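The stops below go from helix packing to a single side chain.

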Amino acid sequence: FLPDPRLRSLVRLYYEVEEQHAPGEEEHRFLPERSVRLTFYAGDSWHGSPVTGELEPMSAASLFGMSLEPLRVVSRGPTRALGVELYPWGARQLFGWAIGTASLDLLPGYGAVAREICALVTLGDWEGARSCLEAWLLELAAERAREAGAGVRAAARLYGSLGTARIRTLAEELDLSPRQLERAFREEVG
């Protein structure tokens, strides 16, 4: 689902997942992606590294992404999730997320709204959950979002080119030196 037009510079899309896992446990592998995922979850699942094999319970509301290794998820029984794909600069502006952060549990800082969205997901009220989520993201954007600077504009062009844009060319287009662009990118995107 596409977000409200006022969020599209920060949020790529919303998605829903509803699965009934066979008796016993079912394992999934999520490959590294170019976005940060905000997930509201209902079910019985654990996540961890496929390398170490260690698992920990999935938080009901968390921010994941931009990892360099696959994520292992083991689930049992019914599972529902409402997800948001955020651009890295969107996660940074809305939640203070930084590249290199493995995951961020949102319940401590955003408990009331996170629990409300999770309750709606548990009930299967997808429209209500998306509506509540979008109202919350619009509120966060009104409080925290900034106009796109050179770093975000360069990152958006990199995303649009699937990583093929050349840094020197981006810097020239933005009327910056490559070093100035690097500083702006680090500050605005991470």
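At what angle do the axes of α1 and helix α3 (residues 126-144) cross, and within what distance do they come? In this predicted model, select both helices: the axes cross at roughly 80 degrees and come within 9 Å. Angles of 65 to 115 degrees count as roughly perpendicular, and α1 and α3 are therefore roughly perpendicular to each other.

Next, show the side chains where these helices meet. On α1, pick Gln93, Leu94 and Phe95; on α3, pick Trp136, Leu137, Leu140, Ala141 and Arg144. Sorted by class, this contact of α1 with α3 holds six nonpolar residues, one polar and one charged.

To see the contact, select Pro88, Trp89 and Gln93 of α1 together with Val152, Ala155, Ala156 and Tyr159 of α4. The contact of α1 with α4 has six nonpolar residues, one polar and no charged ones.

Now move to serine 59, in the loop between β3 (55-57) and β4 (61-65). Is serine 59 buried or exposed? Its relative accessible area is 17%, and residues under 20% count as buried, so serine 59 is buried.

Display the surroundings of serine 59. Its side chain makes a polar contact of 2.8 Å with the side chain of aspartate 105. A polar atom of the serine 59 side chain also lies 3.1 Å from the backbone oxygen of alanine 61. Beyond neighbours within four places in sequence, serine 59 is in contact with Tyr41, Asp105 and Leu107.

Terms used. Residues numbered from 1 in each chain as written. Predicted model: local features only at pLDDT ≥ 70, side-chain atom pairs only at ≥ 80, totals over all residues. Heavy atoms only, no water. Helix = DSSP H or I, 4+ residues; strand = E, 2+ residues; numbered from the N terminus. Buried < 20%, exposed > 50% of the residue type's maximum accessible area, 1.4 Å probe, protein only. Polar contact = N/O pair within 3.5 Å; in protein donor to acceptor, adjacent residues only side chain to side chain. Contact = heavy atoms within 4.5 Å. Nonpolar A, V, L, I, M, F, W, Y, C, P; charged D, E, K, R; others polar. Axes fitted to C-alpha atoms, helices over the stretch in contact; angles between N-to-C directions. Parallel < 35°, antiparallel > 145°, perpendicular 65-115°, else oblique.
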